[in-house]
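Here are my notes on the model you sent over. Have the coordinates open while you read.

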There are 2 protein chains.
Amino acid sequence: MAYKIVDSQDIEYLRGICGPDKVFVGEEINEDFWRDELAGIKKSPEVLVEVDNADTVSKIMKYAFENKIPITPRGSGTGLVGGAVAINGGIMINMSKMNKILEIDEENLTLTVEPGVLLMEISKYVEEHDLFYPPDPGEKSATIGGNISTNAGGMRAVKYGVTRDYVRGLEVVLPNGEIITVGGKVVKNSSGYSLKDMFVGAEGTLGIITKATLKLLPLPQKAISLLIPFPNLEMAIETVPRIIKSKAIPTAIEYMVRDVILASEEFLGKKFPDSTSDAYLLLTFDGNSTQEIEDSYEKVANICLESGALDVLISNTQERQESIWSARGAFLEAIKASTTEMDECDVVVPRNRIAEFVKFSDELQGEFGIRIKSFGHAGDGNLHIYILRDDLDQEDWETKLGGVFEKMYQKSRELGGKVSGEHGIGFAKRSFLKDSLGDTGIQLLKNIKAAFDPDNILNPGKVC
Amino acid sequence: MAYKIVDSQDIEYLRGICGPDKVFVGEEINEDFWRDELAGIKKSPEVLVEVDNADTVSKIMKYAFENKIPITPRGSGTGLVGGAVAINGGIMINMSKMNKILEIDEENLTLTVEPGVLLMEISKYVEEHDLFYPPDPGEKSATIGGNISTNAGGMRAVKYGVTRDYVRGLEVVLPNGEIITVGGKVVKNSSGYSLKDMFVGAEGTLGIITKATLKLLPLPQKAISLLIPFPNLEMAIETVPRIIKSKAIPTAIEYMVRDVILASEEFLGKKFPDSTSDAYLLLTFDGNSTQEIEDSYEKVANICLESGALDVLISNTQERQESIWSARGAFLEAIKASTTEMDECDVVVPRNRIAEFVKFSDELQGEFGIRIKSFGHAGDGNLHIYILRDDLDQEDWETKLGGVFEKMYQKSRELGGKVSGEHGIGFAKRSFLKDSLGDTGIQLLKNIKAAFDPDNILNPGKVC
């Protein structure tokens, strides 16, 4: 369908409801709002508005609905697949100023927040109350609204699951401007189709989240990290299914290779505790009793040593753990800083197929003559693989990237994997989702989209 | 729309694909298939078929789709809201013979089963492998397909969550007969709208589940139960938010009153460890270290004693725990055996509002002159409240039941509760769901139903 072009009358209307200093057009729109964290997909919205309450969002949405103007909701813009890029122009709503923590309820173990609150603010706030919000994506400056919209995962998914598992209730502005509440503070809910679970992971295409009630847990009192060097990556990763099978319950199992660690050291200007080995597993265990944690990690340490680990470095001080995990958190930025441009593959495969996938994608470097770097969540099968442009010209880059992606997503399907473990589909991964779901699956997704947004005005061109 | 009446040609077709001894008509259909566990809603299907594989389900569904014959999928028939009653006649598919455990995968911690496997079989099977399927509804003879379709909760939801949290992937026959697979063995998934989460809790209205891949956990090595007598129910229930706030993590917190315990003793012919007090909390703690469990339960025992508990009875042998929990598991049957007919309210409210709701519903006994018995999941806010017909005539029963329900569901809404915590909406609770979701919410549900089943032939008349 043809969307209406935003005109001066629309701008006036938006100024009237948002306030004159909250509406930006043309060169007033910072180029940051043209793209997300990976710059491959760029487009300026026709108008950018800043909002601070759900009623304003509702009014904008209703106006857009009546006038057939596309809307793109946006948080911190830390996405990697173009989900928050206004590819059809129209109105971009910057949700990041709706950033109030509204309520902590210690009797129901819930936290209610506006969508613009940053992940780092949530963890800090709840930990001050001796509570815990487990989802732990590397990008701490993402908004919770963005995390919910991509069903973000993070490091602790091995033990604690993903964002979906911690969303109890949502307030959402629908594409027609109506505001609804789904879920609530309740622990169980079997009251009709789970609308809440439709909005989680919908990448802002079914509704705009304006409030979220999150499930909290008591804060585990103790944690320990193990950094375990291996002679090579294959040996490291092949150890993971053995750890899972041992019935130990690690909080996180990450894998990393030396040159990514070196890039991170350079990027942060800080030494990593060890970078003498080719590959590492990084594990965390948490709990409330020392005995519980020690039993777990001793078992796992032994499994690693039996599987060829060179050592087991125990990190039980907060300081040391933070130095390791901050390096881990900087991997993406460090790889990005090492090249001119990059794109990523965020597949998830069954945990016992990771070694095969990583080996396969490593070999593509030689086949295509392109640098590929990876790290990721070995404990949950979610890999982050970066294809680096370096000094390739545009045509070469696009050809090689396309070829590499095609082989990777094909391989993932063969292994029972999925297109995205946690970054979403957005604009960039739509064709791979189509290959993965097939015509029937995609048609169901389109039907669902139409069930919520018949005129396709909310974040159009994303997901399906 | 008008559905096609099943005729002899249809029967012949079904005999051809299912086998002549798997198709039942007229008096061949046992009356058990006319209703579910509560007998209030009764209707015979026109034809009952037994299936043992997904292809057959697909063929039947395709035929029904082409001929506009309604289909009702059915498991063990242990539901309480008429979800598996063929209220429009048509074809009932008995899924309970698709009951094979297909695979346990210890490297990915998954179990793949057919939908007719019983809950009791799953727990037994995985525990033999030192693994654990946490959802623990009272009705162990329910099928896993039924549990997934109602998003069943159960006792352990306090610590472990509900069925939805343990469904990794599904194979589903769509209303047009196509077979699709959603999710898989992967731990994370952000690949488009979560179709899996639409089928979970859809009460067999969006597709027929023919295979499920479930998430398992390592089996906790130790467990202990505490039975805690209180002078009255109010004091017992008011203690629950204090327990939650203390940051202990019990596996289960159930509440029960003396006359329900006495009914259960009579029903089972077995003595409960204690029935001298008016009200009890029953708690379980599990984990892998004695220290961890002891720390938790000592803290909770003290909170209970400070809140007026009369004693704390510790049950740390398997035998003693089983005697308590088997009594708990028999409450529904015991109450049912004590009256002529009954209906139930399965609301869920925020955990700190349970005391208020239970007090409110108790008072309805005097107001309406009707017996009401309750027990439930105090730890997760999900109450099971039974309204007993005793010797009321049909008209009186319907009037009083209607009046009681109206007040209860109204009260639940006021407290931020939901219509159903775990039993679903089915046929019986549709009007209360409508009151709860409002026109906009119900319209979204109807749109979703149409997105999957445009001709409304799969379990029509349920949910919305």
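The points below go from the pairing of the chains to their contacts, and then to a few features beyond the interface.

1. Bear in mind that this is a predicted model. Everything below is computed from those predicted coordinates.

2. The contact surfaces tell a matching story. Of the interface residues of chain B, 100% are also interface residues in chain A, so the copies meet through the same surface. By count, 80 residues of chain B are in contact with 81 residues of chain A.

3. How much area is buried between chain B and chain A? The figure is about 6600 Å², and carbon and sulfur atoms give 60% of that. On the chain B side, the residues that lose the most area to chain A are B:Lys188, B:Tyr193 and B:Lys247, which together make up 15% of what that side buries.

4. Now the polar side of the interface. The rule picks out 42 residue pairs in polar contact across chain B and chain A, with both residues at pLDDT 80 or more. As for which elements take part, β9 (179-183), α6 (195-199), α8 (240-245), α10 (290-306) and α15 (430-452) of chain B each supply at least two residues of the side that touches chain A. Helix α15(B) gives the most, with 10 residues. Sorted by class, that side of chain B has 31 nonpolar, 29 polar and 20 charged residues.

5. On charge pairing, side chains of opposite charge can pair when their charged atoms come close. Between chain B and chain A the count is eight salt bridges. One pair to click on is B:Arg164 with A:Asp197, whose side chains meet in a salt bridge at 3.4 Å, N to O.

6. Over all chains, the whole structure has 70 salt bridges. Within chain A, have a look at A:Lys97 and A:Glu50, which meet at 3.5 Å, N to O. That pair links distant parts of the chain, 47 residues apart: A:Lys97 is in the loop between β4 (91-94) and β5 (101-105), while A:Glu50 is in strand β2 (residues 47-50).

7. Last, the annotation. An unreviewed UniProt entry carries "domain: FAD-binding PCMH-type" over residues 41-219 of chain A. In the model, that span is 22% helix and 25% strand, and its end C-alpha atoms lie 39 Å apart.

Notes: Residues are numbered from 1 along each chain as its sequence is written. Chains are lettered from A and ligands numbered from 1 in the order in which they are written. Side-chain values use heavy atoms; hydrogens and water are left out. Contact means heavy atoms within 4.5 Å. Buried area is the accessible area (1.4 Å probe) that two parts lose on being put together, summed over both. A salt bridge is a side-chain nitrogen of Lys or Arg within 4 Å of a carboxyl oxygen of Asp or Glu. A polar contact is a pair of N or O atoms within 3.5 Å; within protein, one must be able to donate a hydrogen and the other to accept it, and residues adjacent in sequence count only if both atoms are side-chain atoms. Helices (H or I, at least four residues) and strands (E, at least two) are DSSP runs, numbered from the N terminus. Ala, Val, Leu, Ile, Met, Phe, Trp, Tyr, Cys and Pro count as nonpolar, Asp, Glu, Lys and Arg as charged, and the others, Gly among them, as polar. UniProt positions are given in the numbering used here, feature names are shortened, and annotations may be inferred rather than shown by experiment.
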